[in-house]
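Me: Can you walk me through this one? I want the local details.

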Amino acid sequence: MLDHVLLTTVGLAPQIITETLYYFWQRASPRIPITEVFALTTLRGKETLETGLLNPQPNIISRLCQDYDLPPIRLVREHVYVLTDAFGRPLEDIQTADDNE
């Protein structure tokens, strides 16, 4: 089976990742077997992602895999990238047109 990577942006609603994984594995035709997730986000988004998906044990993605008999899907802290501003400072949130750029 060919591995597929999900590259996604995440705001303050990390459940978008599990909903997307569910869709690709269970609803898409043909199924798209996502095996690894990389996320782009802000500092606030990273905190939400860590508390919402990465910290609980077993974490939510592991439970999704167990509930739907899926192979492990890898999302680790090292795959969460915080966006930076023009000066290389991590963005707390995207609030202005400059932040968005």
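Predicted model: local features only at pLDDT ≥ 70, side-chain atom pairs only at ≥ 80, totals over all residues.

Me: OK. Where is His-79 found?

Reply: In the loop between α3 (60-67) and β3 (80-82). Helices (H or I, at least four residues) and strands (E, at least two) are DSSP runs, numbered from the N terminus.

Me: Is His-79 buried or exposed?

Reply: Buried, because its relative accessible area is 8%. Buried means under 20% relative accessible area, exposed over 50%, partly exposed in between (1.4 Å probe, protein chains only).

Me: What does the side chain of His-79 make a polar contact with?

Reply: The side chain of Arg-74, at 3.4 Å. A polar contact is a pair of N or O atoms within 3.5 Å; within protein, one must be able to donate a hydrogen and the other to accept it, and residues adjacent in sequence count only if both atoms are side-chain atoms.

Me: And which residues is His-79 in contact with, leaving aside neighbours within four places in sequence?

Reply: Glu-36, Val-37, Phe-38, Ala-39 and Arg-74. Contact means heavy atoms within 4.5 Å.

Me: Switching to strands. How do β1 and β2 pair?

Reply: In the parallel sense, over six bridges, with β1 at residues 4-9 and β2 at residues 34-41. Two strands pair if DSSP finds at least two bridges between them. Val-5 stands opposite Glu-36 in β2.

Me: Now α3. Which of its residues are buried?

Reply: Ile-61, Leu-64 and Cys-65. They sit on the same side of α3, because they cover an arc of only 95 degrees around the axis. The arc is that of the directions from the helix axis to the C-beta atoms. The buried residues of α3 pack against α1 and α2. On the other side, Gln-66 and Asp-67 are exposed.

Me: What caps the N-terminal end of α3?

Reply: Asn-59 does, with a side-chain oxygen 3.1 Å from the backbone nitrogen of Ile-61. The Asn-59 side chain also reaches the backbone nitrogen of Ser-62 at 2.8 Å.

Me: Is Asn-59 buried or exposed?

Reply: Asn-59 counts as buried, because its relative accessibility is 15%.

Conventions: Residues numbered from 1 in each chain as written. Heavy atoms only, no water.
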